[in-house]
Amino acid sequence: MNKPGLFDEFSEVSAKQWKQKIQYDLKGADYNDTLVWESPEGIKIKPFYNSEDVKDFEVLEQKPRTWKIAQSLYVGDTVKTNKKARGFLKKGVESLIFTVPNDQIDLVELLKGIEVPNTPIHFNFSFLAQGPIEKLLTSLKTLPTQLHLHVDSIGNLARTGNWYRSQKEDTEVLQRLIHLTAETDFAYPFAIDTTLYQNAGANLVQQLAYGLSHAHEYLNEFSTAFPKTAFKVAVGGNYFFEIAKIRALRWLWASLASDYGIDTECHILAVPSKRNKTLYDYNVNMLRTTSECMSGILGGADTICNLPYDALYHKDNDFAERISRNQLILLKEESYFENIAHVTNGAFYIESLTHQLAQKALALFKQIEASGGFLKALETGKIQQKIKESALKEQTLFDAGETILLGTNAYQDSNDRMKGTLELYPFTKKRSEKTKIIPIIEKRWAEEMEQKRLDNE
């Protein structure tokens, strides 16, 4: 905000005066046709913003917020993963995210030698089992820490088409975990995974509304003893919109939680989107993820976990992990991004975007709830259909060259060769198993184009 008296010698310029000056400089061209464009969410973007754009609503005041550099690890071998994790913590990593594939992994052994009180720990479980988690919570009872269990049975239903076990059994296990974490006062049992919606092609309003309605299903079920809550968010390449999206999510959750009389604070874990990442000219992915991490930080995320530039086709490797880690370290320690979420306060453009995204998402959320809620919308396929429609619009723009990915649909390097280097399958896999509902499928823009290039090498 301007200091009193700093610009007193200058007269105020209204939005009308600015627009008149711009119209004059356009030399007869239409202002709206030339300079105003509309986003996929139906938000009209103007060439300038001033105080008049935020006068009709209360702006969101972000408080100064620190964020943690996180590293993701797949737990194949407990001993090797533990050693690797301890090594990461010596190289600038501040938080660990373990992907646990089965209930045979000893979670207590996995954390051996790690300074748990000083290291926020996240677990992504590929299963839902009470025993291993209960053992973990018991072992940490006397150690103050921040533990995120990322249990999300509705998210598993949306992603795979099936519950972990059944709706009834999943709910019973969740109820027990809520009771256990309430006793510890340091663990977050839930993490609403909204990355699926973004990576499948949902627009920003849909991502916010679906994430909020997704969380509301848990509120309806466990409102009398609702625990601390976290959201996992995928950040795309639309820089300012993504900043506004995360700010809007925090505001929307606070509004919903306050109606239930529960903690309005939530933990937000941000990761770069996969949707705009490419197989060819893969080094450009570093530029994309840097921008996306910056959006996450400025939006006010609590934890940032970067995506290695070669994650689409390479297995975990030291070089790519070091690069992705150093991107965050450079942002935090060299670029002064350590504690800057509050700098977006009062930025008229971002405040306007935040408000419009939040209001549109709230309206869509109310529609979903009035129609029976998120689970019903999933079961009837409405959510899947809406995401599919949004994804098709994005794909059409990419195929037409209006949305550009350098090195892929613009400025291709004809000498670029990828065949023979693929350690992972980088395309959407067809699934044949029987499912309770139609699963939501992630897909990148460049997949079909890349498959043709591979075939032609």
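Is Phe 427 buried or exposed? Phe 427 counts as buried, at 9% relative accessibility. Here buried means under 20% relative accessible area, exposed over 50%, and partly exposed in between, with a 1.4 Å probe and protein chains only.

Some ground rules before I go on. This is a predicted model, where local features need pLDDT of at least 70 and side-chain atom pairs count only at pLDDT 80 or more, while totals for chains, interfaces and linings use all residues. Residues are numbered from 1 along each chain as its sequence is written, and side-chain values use heavy atoms, with hydrogens and water left out.

Now the rings. A pair of aromatic rings is described by the distance of the centres and the angle of the planes. Rings of Phe, Tyr and Trp (its six-membered ring) pair if their centres lie within 6.5 Å; planes under 30 degrees apart are stacked, over 60 edge-to-face, and the rest tilted. Searching the whole structure gives 21 aromatic pairs. One of them is Tyr 239 with Phe 240, edge-to-face at 5.1 Å centre to centre and 80° between the planes. Phe 240 is partly exposed, at 38% relative accessibility. Phe 427 pairs with Tyr 425, also edge-to-face, with 5.5 Å between centres and 85° between planes. Tyr 425 is partly exposed at 49%. There is also a cluster linked by ring pairs, made of Phe 190, Tyr 218, Phe 222, Phe 226, Phe 231 and Trp 253.

Next, Ser 213. Ser 213 sits in helix H9, residues 204-222; helices (H or I, at least four residues) and strands (E, at least two) are DSSP runs, numbered from the N terminus. Ser 213 has a relative accessible area of 0%, so it is buried. Its side chain makes a polar contact of 2.7 Å with that of Glu 369. A polar contact is a pair of N or O atoms within 3.5 Å; within protein, one must be able to donate a hydrogen and the other to accept it, and residues adjacent in sequence count only if both atoms are side-chain atoms. Leaving aside neighbours within four places in sequence, Ser 213 is in contact (heavy atoms within 4.5 Å) with Phe 365, Ile 368, Glu 369, Gly 373 and Phe 374.

Lys 228 is partly exposed at 28%. Its C-alpha atom is separated by 44 Å from that of Leu 35, 193 residues apart along the chain.

Last, Tyr 411. Tyr 411 is in the loop between helix H15 (382-399) and helix H16 (447-456). With a relative accessible area of 71%, Tyr 411 is exposed.
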